[in-house]
Amino acid sequence: MSDCVFCKIAAGEIPSKKVYEDDQVLAFYDLDPQAPVHILIIPKEHIGSVAEITVENSAVVAHIFEVAAKLAKVNGLEDGFRVVANTGKDGGQTVPHLHFHLLGGRSMKWPPG
């Protein structure tokens, strides 16, 4: 999508502080971190949200979780971490491109905070 900020980041049109990249996904630091470690992991292919995951595009989601596990280990999150995907306006999604927040480095409470 030409107006999608995460598509532009994935294409290198908008700079980001990358922590991981391969042919399917990109991971970069969140600009407004909510934890000492706050990394966004996105598919390079545009998928609007969790609600748009299908049989045809779901393999990238499994790959994203593999990347999340690697990044958690590299960032010393042995005591735990959280992976979050907000979906839709009421779910708190602010960028309409599937993305997962990897949060860690502090104790996570429920409800989130």
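Colleague: How many aromatic pairs does the count come to?
Modeller: Two aromatic pairs. The rule takes rings of Phe, Tyr and Trp (its six-membered ring) with centres within 6.5 Å; planes under 30 degrees apart are stacked, over 60 edge-to-face, the rest tilted. A pair of aromatic rings is described by the distance of the centres and the angle of the planes. Phe6 and Phe28 make an edge-to-face pair, with centres 5.7 Å apart and planes at 80 degrees.

Colleague: Which parts of the chain does that pair link?
Modeller: Distant ones: Phe6 belongs to helix H1 (residues 5-10) and Phe28 to strand E2, 22 residues apart. Helices (H or I, at least four residues) and strands (E, at least two) are DSSP runs, numbered from the N terminus. Note that this is a predicted model: local features need pLDDT of at least 70, side-chain atom pairs count only at pLDDT 80 or more, and totals for chains, interfaces and linings use all residues. Residues are numbered from 1 along each chain as its sequence is written, and side-chain values use heavy atoms, leaving out hydrogens and water.

Colleague: Are Phe6 and Phe28 buried or exposed?
Modeller: Both are buried. Buried means under 20% relative accessible area, exposed over 50%, partly exposed in between (1.4 Å probe, protein chains only).

Colleague: What does the pair of Phe65 and Phe100 look like?
Modeller: It is edge-to-face, with 5.3 Å centre to centre and 70 degrees between the planes. Phe65 sits in helix H2 and Phe100 in strand E5, 35 residues apart. Phe65 has 40% relative accessibility, so it counts as partly exposed. Phe100 is at 6%, so it counts as buried.

Colleague: How do I read the sheet order?
Modeller: Strands pair if DSSP finds at least two bridges between them. Here five strands form an open sheet in the order E1-E2-E3-E5-E4, with antiparallel pairing. The edge strands, E1 (18-21) and E4 (81-84), each pair on one side only. E1 and E2 (residues 25-29) share three bridges. Glu21 stands opposite Leu26 in E2.

Colleague: Where does helix H2 lie?
Modeller: H2 (residues 59-74) lies across E1, E2, E3 (37-43), E4 and E5 (100-104), at about 155 degrees to E3. Axes are lines fitted to C-alpha atoms, for helices over the stretch in contact, and angles run from 0 to 180 degrees between N-to-C directions.

Colleague: What does His63 touch?
Modeller: Contact means heavy atoms within 4.5 Å. His63, in helix H2, touches Tyr20, Asp22, Gln24 and Val25, not counting residues up to four places away in sequence. Its side chain makes a polar contact with that of Asp22 at 2.5 Å. Such a contact is a pair of N or O atoms within 3.5 Å; within protein, one must be able to donate a hydrogen and the other to accept it, and residues adjacent in sequence count only if both atoms are side-chain atoms. His63 has a relative accessible area of 13%, so it is buried.
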